[in-house]
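Please find below a colleague's note on the model shown here.

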Amino acid sequence: MAAKTKSTPAKAAKTNSTPAPPKPKTKAELIKGVWAQIQSILNTINHTLILLIAVFVTLLARNLHFEDTAMHMFLTVIGWHFLAAEALMSHYAHNPVTNKLSHRNKSRFHGILQLIGGSMSLLGAVGKIQATEDHFTTWHGKIGLASTILCVASLVGGIVNFFQPKFVHKFHSQAEIKYRHNLFGIIGFIVAMVTIVLGYYTAFFVKYVDNSAIPAFILATILVLLFTLIAPVTSLLDKLKHKKKK
């Protein structure tokens, strides 16, 4: 009976493959990571302040039955301080509300909020003008008029920027349209928020809000302005760099 021969398979050579240590981050990468964390925190604070002001204004206007100046306050503050602020942050990488949306859907989200917010602000401004005999006698009224004009320009510019009609490209490139929309959107938002800050000093607001709380409202609105502008200003600077390269 023939003996069975056992075949011994060749043993694979053992390799001591120790993973390479991770490369230490550069100073620029560390700063970028810290700045990203700071932006995330600031964005959370910003959303909180926006929501608090929106809730307060809504409750105050409701208690006053949304009549006269109460309706004006509600429409303009919700339009700019809430909806426009959220619209400006729609493309912000650290905005949890929109960071999972595609670029196109972020643009749609931005456009919808801006259209609703701008329309509310215009209605609030026109309603106040119709209900008042003496117009633009205060800084709130004068700056508010400028804000209204810029709001109309921003809405028109936003529509042009979104649809990019071909006849406009005869005068300006697509990149130039985006740049101008970005720039004038920032200017319009700044003027609107200044108008809201001045509104905290009006006789109406002082009448229904404790004077000791007004500095807190001013601080909250200034912080919302600064935190909201991080994204659009960053985008504007990027567009400016591309313009200089061309």
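1. Patches are built from residues with over 30% relative accessible area and no salt bridge, like charges being joined within 9 Å and nonpolar side chains (Val, Leu, Ile, Met, Phe, Trp, Tyr) within 5 Å. Accessible areas follow the Shrake-Rupley method with a 1.4 Å probe, and for residues only the protein chains shown count as cover. The model is predicted, with pLDDT of at least 70 needed for local features and 80 or more for side-chain atom pairs, while totals for chains, interfaces and linings use all residues. Numbering starts from 1 along each chain as its sequence is written, and side-chain values use heavy atoms, without hydrogens and water.

2. A nonpolar surface patch comprises Ile-129, Phe-136, Leu-145 and Ile-149, together about 320 Å² of accessible area. Ile-149 belongs to helix H4 (residues 139-163); helices are DSSP runs of H or I, at least four residues, numbered from the N terminus. Ile-149 is exposed because its relative accessibility is 54% (exposed is over 50%, buried under 20%, partly exposed in between).

3. Beyond four places in sequence, the contacts (heavy atoms within 4.5 Å) of Phe-205 include Phe-56, Met-73 and Phe-217.

4. The whole structure contains 1 salt bridge, defined as a side-chain nitrogen of Lys or Arg within 4 Å of a carboxyl oxygen of Asp or Glu. Arg-180 and Glu-176 form a salt bridge at 2.8 Å, N to O. Both residues lie in helix H5, 4 residues apart. Arg-180 is partly exposed at 37% relative accessibility, whereas Glu-176 is buried at 16%.

Technical notes
Helices (H or I, at least four residues) and strands (E, at least two) are DSSP runs, numbered from the N terminus. Buried means under 20% relative accessible area, exposed over 50%, partly exposed in between (1.4 Å probe, protein chains only).
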